[in-house]
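Subject: Structure handover

Hello,

Here is the structure I promised to pass on. Please open it first, then read my notes below.

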Amino acid sequence: MGEPDREQGEPIALNQMGPTPEQLQKFLALPDQPVVMVNLLKFKDGPGAQDYAKYGQAMQKILADIGAEVIFAGHCQTTLIGGAEWDMVALVRYPNAQALVDMAQSDVYQAAHVHRAEGLAGQVNLAVFEQ
């Protein structure tokens with residue numbers, strides 16, 4: 001689920017498909033409270049967006065079953081500040097970090113995950129607590 005060992009402080013590349021072991025450890029150490037995941041998505045060329053849409057459709061029930069919800073999703077139009085270009089942004093609120101990890105390990109999620117892998121070139125996920 002991670003990438004090869006890297007030097008401490010070495011930057012992590014944009015557009016990864018999964019967390020590094022260090023990122024997962026930090027994520028699981030978050031307080032037990034609702035967390036919003038900011039998903040910055042980059043689709044593969046060709047039918048990537050359509051493949052990812054299949055994943056998104058399957059995720060609606062999966063998220064509802066664990067008490068999570070998509071609170072925003074939209075296609076990016078342009079970048080105003082910075083140099084990264086994203087295709088889509090989605091914000092998903094989970095009951096806590098463990099709920100996301102448990103979901104990702106479930107059989108029903110793994111069945112839907114194939115469409116995520118087919119559609120995404122990579123992504124950035126930010127864990128955010130609402131104020």
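The axes of helix 1 (residues 21-28) and helix 3 (residues 97-105) come within 8 Å of each other and cross at roughly 130°. An angle over 145° would count as roughly antiparallel. Helix 1 and helix 3 are therefore oblique to each other. On the helix 1 side, the contact is made by Leu-24, Phe-27 and Leu-28. On the helix 3 side, Ala-97, Gln-98, Leu-100 and Val-101 take part. By class, this contact of helix 1 with helix 3 has six nonpolar residues, one polar residue and no charged residues.

Please keep in mind that this is a predicted model.

Now the overall layout. The chain has four helices and four strands. Read along the sequence, they follow the pattern α-β-α-β-β-α-α-β. The chain has 131 residues, and 31% of them count as buried. Take the contacts between residues at least 6 apart in sequence: 74% of these join residues at least 24 apart.

Helix 2 (residues 48-65) packs with helix 4 (residues 107-119) at an angle of about 160°. Their axes are 7 Å apart. That makes helix 2 roughly antiparallel to helix 4, since the cut-off for that term is an angle over 145°. The crossing of the two helices is left-handed.

Which residues of helix 2 and helix 4 meet? Helix 2 brings Gly-48, Asp-51, Tyr-52, Lys-54, Tyr-55, Ala-58, Met-59 and Ile-62. Helix 4 brings Val-108, Tyr-109, Ala-112, His-113, His-115, Arg-116, Glu-118 and Gly-119. By class, the contact of helix 2 with helix 4 has eight nonpolar, four polar and four charged residues.

Next, the aromatic rings. The count comes to three aromatic pairs. In one of them, the rings of Phe-43 and Tyr-52 have their centres 5.5 Å apart and their planes at 45°, so the pair is tilted. Both Phe-43 and Tyr-52 are buried. Tyr-52 also forms a tilted pair with Tyr-55. Here the distance is 5.1 Å centre to centre, with 45° between the planes. Tyr-52 and Tyr-55 both lie in helix 2, three residues apart, which is about one turn of the helix. Both of these tyrosines are buried. Ring pairs link Phe-43, Tyr-52, Tyr-55 and Tyr-109 into a cluster.

That brings me to Tyr-109. Where is Tyr-109 found? Tyr-109 sits in helix 4. Is Tyr-109 buried or exposed? Its relative accessibility is 7%, so Tyr-109 counts as buried; the cut-off for that is under 20%. What does Tyr-109 touch, leaving out residues up to four places away in sequence? The answer is Tyr-55, Met-59, Ile-62, Met-103, Ala-104 and Arg-116. Met-59 is 50 residues from Tyr-109 in sequence. In space, Tyr-109 and Met-59 are 7.7 Å apart, C-alpha to C-alpha.

Best wishes

Definitions and conventions:
Residues numbered from 1 in each chain as written. Predicted model: local features only at pLDDT ≥ 70, side-chain atom pairs only at ≥ 80, totals over all residues. Heavy atoms only, no water. Axes fitted to C-alpha atoms, helices over the stretch in contact; angles between N-to-C directions. Parallel < 35°, antiparallel > 145°, perpendicular 65-115°, else oblique. Left-handed = near helix turned anticlockwise from the far one by under 90°. Contact = heavy atoms within 4.5 Å. Nonpolar A, V, L, I, M, F, W, Y, C, P; charged D, E, K, R; others polar. Phe/Tyr/Trp six-rings, centres within 6.5 Å; stacked < 30°, edge-to-face > 60°. Buried < 20%, exposed > 50% of the residue type's maximum accessible area, 1.4 Å probe, protein only.
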